[in-house]
Amino acid sequence: MKEEQPLGGRLFTPTFLFCLLFFIIALFLLAKRFMYGLGAVTNMSDGYPWGLWIAFDVVVGTAFGCGGYAMALLIYVFNKGEYHPLIRPALMTSLFGYSLAGLAVFIDVGRYWQMYNIFLPWYINPNSVLLEVALCIGAYVVVLWIEFTPAFLQKMGADSAKKSLEKIMFIFIALGILLPTMHQSSLGTMMVVAGSKLSPLWWTPWLPLLFLISCIFMGFAIVIFEASATSTRYKIADESHMLSKLSGIFPWMIGIYLLVRFADVAVRGHLGLAFKGDLMGNMFLLENLLLLVPMCILFMPASRNNARVLFFSAISIILAGTLYRFNCYLIGFNPGGGWTYFPAAGEILITVGIVSLEIMAFLWFVKRLPIYHRA
Amino acid sequence: MKNQNYCSLNEKLSEISRRDFMKFCGIVAASMGLPLSAGPQMAEAATKAKRRPPVIWLHGQECTGCTEILLRPTHPSLEHLILDLISLDYHETLNAGAGHQAEAALKQSMKENAGKYILVVEGSAPLKDGGKYCMIGGRPFVDIVKETAAKAAAVVAIGSCASWGGWQSSSPNPTGATGIPEVLKGTTVVSIPGCPPNAYNFLSTVLYFLTFGKLPALDEKARPKFAYGRLIHENCERRAHFDAGRFAKQFGDEGHRQGYCLYELGCKGPITHANCPSILYYAGAGTWPVGTGHPCFGCTEEAVGFKIPLHTQAEVSQVTPAAAHAPIETAQGKGMSAGAAGVLGGVAGVAIGAGAMIAKNLGQSDEGE
């Protein structure tokens, strides 16, 4: 099989400059945040100590970053080596997703200068879910960079170093499967702790399982989305047959997920809340509809071969997973005490800036580093 | 009040301990909503005067319940305070002497303390047939009131009978029973209605007058506002049940036993002005009609007590049940701003646009194949 190659081409495209503009705006707002504190740019409060940054940048962001995890599961655990060409781009999105989630946590934590204490073993509280997530994500970021190192070494021409690294890579691949399994389910566990503050439409002791399944199908959806998007812009090897085959997983995974989801809500006797017509009920319906529709569509092999249908199905699945996480962390969450929350403009613009950084990094990586197989 | 100061007063106060005395003054000040410092001030005013303030107490058509409430409170030394703080020169129930001797004491006190004494009237004055239905020492009561009031520093009508006629004035009112304010038109008669009235409302008013040399703020019926400014309904301990629609339907039913609102049993709380639910009657928790499970019958309110039948439902005019309950939590945090909505809209627009462009290109590559 041919090796991955940089795609080359001009770096400062209009898209890149557009993203740069938003990144600069975010830098300005970040300066404000670090000078005057969280209250200066965010709407976070004693009632909502987490907001858009945690819900989107971390909880959704790391789920977007599960492409690498999902593909590794498929390729290394289920031994489907045929999908190997998809692993490096998937790893790259994971790298961005997780690194920027770490950055977002640093921005979000009020006393960021104390953050290093998380990593000091003598301060560890072994009963804390949040600690498990923090350590796990921190470790996974390091693992991702190590997993991605061959691309840098290849670029630098350090073949011997690359070879010796690849000899021990199986350790990191194993870790790269273990760690997301742990912390993606723990992201669900965190809201188990919220108890009655979370609407019964979302609160369930099964939250960890639902978070785990949903992060995997979101990971696959991201791989399809990203491959579809890049294939239209860059001359890369045709991956459409792989994507079609990959998408055959969706109906089964989503089917299992929806079965657990609805059975759980129904058994707990709260299904009626879904049809109350209020915000929470509608969000619940929308979230599951966004999964049900692509599930039905992708059940038919013909639609799996249509690039456009596949692309929209992937978007629908990504949106569903995103909405599920927003519902669990913000929309379905009511801390009591009359608190309300909607992200401030500054808060949103910082998130937009971080996403812009991600896109810029993506453009730089694919053009200068060996990620894709060229056509 | 310092202890040594109190020692010099001890003589006057006989068996009352300093603590009980200060407690009493404190309660009086608090029930009027005066600052804490008013308590000692009142104590000084009551004890430092060269002569204890003279009080002439007249009885007309009444049951002596108002005197009883002042004499028989459970508070151990209140009766001492009443009798030792003031110089009760004439009081038909408590006079040591009787007959001409008592009347002579009245005459003498009026002469000696002209313009200085406090006149308290208990009971209504019958005006029909020349006032012959209540004669004292051969004179109609109404004449005695008029004569005594002319030289008084202040006139207080204690109880509902004196305030507006009370139960004797109920239809058909055969004696023409009339309240003292009506008898002494043109004179300010402080009314302390109630059957019986709360002793603290009376004592607070008198001590306020002694301390500050003026009467407390009065309403249009000359009732002290501190005691009669609010409806019983407003401060009732069972108000939450009223608002929640939980009512006792009959005596002894489940709701009654649960302590629900007594409105449907005829409680006049919604139309009666008094501070009963706030200061109760001496003993503390529950010692007032509603607290014992009986509806308020409106004893302090003219045209309610003794006029409207006991179990007739009152018309709730001022305060109606809440259509919606006040939130127990106040809104906090920041909602969506125009800027945030705009930014979010922009992001959504760019995302949809980008998605559409990719989809279009995907379509072309499909067609190209």
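**View 1. Two cis prolines in loops of chain B.** Pro172(B) sits in the loop connecting helix H8 (159–164) and strand S8 (177–178) of chain B. Helices (H or I, at least four residues) and strands (E, at least two) are DSSP runs, numbered from the N terminus. The peptide bond between Ser171(B) and Pro172(B) is cis, with omega about 10°. This is a predicted model: local features need pLDDT of at least 70, side-chain atom pairs count only at pLDDT 80 or more, and totals for chains, interfaces and linings use all residues. Residues are numbered from 1 along each chain as its sequence is written, and chains are lettered from A and ligands numbered from 1 in the order in which they are written. A cis bond also joins Cys195(B) to Pro196(B), with omega about -5°. Pro196(B) lies in the loop between strand S9 (189–192) and helix H10 (199–212) of chain B.

**View 2. Asn79(A), a non-glycine residue with positive phi.** Its phi is near 55°. Asn79(A) belongs to the loop between helix H3 (67–77) and helix H4 (87–108) of chain A. Asn79(A) is exposed (12 or fewer other C-beta atoms within 10 Å, C-beta atoms being placed from the backbone), with 8 such neighbours.

**View 3. Asp129(B), not a glycine, with positive phi.** Here phi is about 55°. The residue lies in the loop between strand S4 (125–126) and strand S5 (135–136) of chain B. Asp129(B) is exposed, with 11 other C-beta atoms within 10 Å.

**View 4. The contact between chains A and B.** Chain B gives 23 residues and chain A 25 residues. Contact means C-beta atoms, placed from the backbone, within 7 Å.

Terms used: Contact = placed C-beta atoms within 7 Å. Buried ≥ 20, exposed ≤ 12 C-beta atoms within 10 Å, placed from the backbone.
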